[in-house]
Amino acid sequence: MDIGTIIAGVLTLAILTFLYRDNPIYKFAESLLIGVSIGYTLVIVWSTTLMDILFRPLLNAGQLALVVPLVLGLLMFSRFHPRTASLSRLPIAVMIGSGAGVAIPVMLEARTLRQMTATVGPLVSDGTFDFSVLVVLVGVLTTLSYFYFSREHEGFFGRVSKVGTYFLMIFFGTTFGYTVMSRMSTFIGRMEFLLTDFLHITK
Amino acid sequence: MDRKVALAICFVFGVVMFIQYFSGSSLARQVNQSILEYWQIVFAFTLVVGIVGVVRTNVQRINKRDDVFFRIVTLAGIIIMPVVALIWGIKADTPFMWMFENIQAPMQATVFALLAFFVASASFRGFRARSVQATVLLVSASIILLSRSALGGILADEIPQFAEWMRNYPSMSARRAILIGIGLGSITTSLRVILGIERTWLGGRR
């Protein structure tokens with residue numbers, strides 16, 4: 001067994017000790033995971049973004065326009081001193097502003113119009129009634145009515161929005177089921193690693 | 001930095017990025033590409049600022065003798081990964097990737113798997129058929145859990161089929177309504193940010 005498998009196995013068991021309760025072994029593994037993850041992120045951000053997009057084109061290809069994002073990025077460090085902290089609003093303004101500008105058409109197209117288009121389909125196709133299309137139409141309209149808070153949910157509107165809650169419950173139940181099963185498959189993967197690769201109990 | 005200057009910059013960048021979406025000219029595409037690149041670079045710097053913040057906080061706590069050992073372990077992880085990457089690089093079969101595959105990835109996957117137990121115990125306590133809505137939630141979750149295990153197919157062939165129909169139609173319709181809501185909410189918030197009505201991102205006094 002190689003040293004990598006031994007370390008991975010021991011650390012996996014250390015994390016699993018949390019099932020008993022919070023303990024120093026788990027806290028050690030947790031602290032190590034946080035540190036290593038941050039270190040990994042730092043390296044990846046440095047090599048894939050700062051080196052590839054900023055420093056290499058700026059220093060090797062002489063793309064002087066990149067001085068602008070470099071200065072904006074460095075201004076973020078002004079947050080560490082109370083006197084200069086307000087300077088960090090400049091790069092944040094650029095990010096927030098450009099992000100908001102991009103979000104409007106993208107959200108309108110992808111999240112709103114495309115979803116509306118997919119909702120409206122022919123109820124009768126090839127002479128047969130499609131019940132599923134009706135379910136989708138009723139589901140979207142009633143769920144949207146549930147989220148409409150400008151009017152009191154009472155009378156006919158209240159009953160319509162209540163139907164929406166049933167659709168929401170089906171959605172939550174379905175999402176819950178899939179989430180549990182994805183976590184379970186990850187857990188089975190970890191158990192398989194422990195029993196097969198680390199402890200050699202199963203083959 | 002005056003708040004008005006920041007608001008003006010936010011407005012200008014917001015309007016430019018909004019307008020360029022509707023333009024087919026090469027200049028607009030170039031402006032869009034450059035700003036998105038700037039965005040990525042500034043975002044990378046914000047991550048570095050966050051990491052510096054974590055290091056500062058841990059060092060301050062160590063000086064106050066608070067959880068010294070665990071904080072040293074965290075700092076060691078933060079320092080060792082870049083050092084290893086600097087010496088041997090980050091390609092496959094380097095110590096950097098070895099540490100990722102044998103330390104970070106197994107622990108991350110195990111933490112993720114641990115959630116299965118907490119979700120299961122929380123649902124065991126929380127799932128009670130107290131109302132019609134709660135019953136619908138319970139039944140739909142049970143059908144999905146059955147359909148994704150061997151038991152569902154053994155009990156009845158229709159269970160996996162019905163679960164698939166439930167996912168594609170009633171569940172999808174609620175998801176679609178939520179997405180439409182998210183879309184409209186995002187558009188409204190973006191407009192409020194660009195026009196300077198929403199100012200919480202500036203921090204401090206309003």
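This is a predicted model: local features need pLDDT of at least 70, side-chain atom pairs count only at pLDDT 80 or more; totals for chains, interfaces and linings use all residues.
**Entry 1: chain B on its own**

I began with the secondary structure of chain B and found 8 helices and 0 strands. Read from the N terminus, the elements run α-α-α-α-α-α-α-α. I then looked up the radius of gyration of chain B, which is 25 Å, well over the 17 Å that the globule rule gives for 206 residues, so chain B is more spread out than a compact globule. Along the principal axes, the C-alpha atoms of chain B fill a box of roughly 65 × 50 × 40 Å. I noted that buried residues account for 29% of the 206 residues in chain B. For contacts in chain B between residues at least 6 apart in sequence, I noted that 19% join residues at least 24 apart.

**Entry 2: the contact between the chains**

I turned to the contact, which takes 94 residues from chain A and 96 residues from chain B. On the chain B side, helices that each supply at least two residues include H1 (3-20), H2 (26-63) and H8 (170-194). I asked which helix gives the most to this side; it is H4(B), with 22 residues. By type, I have the chain B side down as 73 nonpolar, 17 polar and 6 charged residues.

**Entry 3: H6(A) against H5(B)**

I picked out one helix pair across the contact. The axes of H6(A), residues 155-198, and H5(B) come within 7 Å and cross at roughly 35°. I recorded the crossing as right-handed. From H6(A), the residues that meet H5(B) include Tyr166(A), Met169(A), Phe172(A), Gly173(A) and Phe176(A). From H5(B), I listed Gln133(B), Val136(B), Leu137(B), Ser140(B), Ala141(B), Ile144(B) and Leu145(B). The residues of this helix contact divide into 13 nonpolar, 6 polar and no charged.

**Entry 4: nonpolar cores**

I looked next at the largest nonpolar core, which has 31 residues. Ala93(A), Val94(A), Cys10(B) and Val42(B) touch the most other members. H3 (67-75) and H4 (89-119) of chain A, with H1, H2 and H8 of chain B, each supply at least two residues of this core. H4(A) gives the most to this core, with 11 residues.

I followed Cys10(B) further. Leaving out residues up to four places away in sequence, Cys10(B) touches Ala93(A), Ile96(A) and Gly97(A) in chain A, and Val193(B) and Ile194(B) in chain B.

Note on methods:
Residues are numbered from 1 along each chain as its sequence is written. Chains are lettered from A and ligands numbered from 1 in the order in which they are written. Two residues are in contact if their C-beta atoms, placed from the backbone, lie within 7 Å. Helices (H or I, at least four residues) and strands (E, at least two) are DSSP runs, numbered from the N terminus. Ala, Val, Leu, Ile, Met, Phe, Trp, Tyr, Cys and Pro count as nonpolar, Asp, Glu, Lys and Arg as charged, and the others, Gly among them, as polar. The radius of gyration is taken over C-alpha atoms; the globule rule is 2.2 Å times the number of residues to the power 0.38. A residue is buried if 20 or more other C-beta atoms lie within 10 Å of its own, exposed if 12 or fewer, and partly exposed in between; C-beta atoms are placed from the backbone. Axes are lines fitted to C-alpha atoms, for helices over the stretch in contact, and angles run from 0 to 180 degrees between N-to-C directions. A crossing is left-handed if the near helix is turned anticlockwise from the far one by less than a right angle, and right-handed if clockwise. A nonpolar core is a set of buried Ala, Val, Leu, Ile, Met, Phe, Trp, Tyr and Cys residues joined through C-beta atoms within 7 Å.
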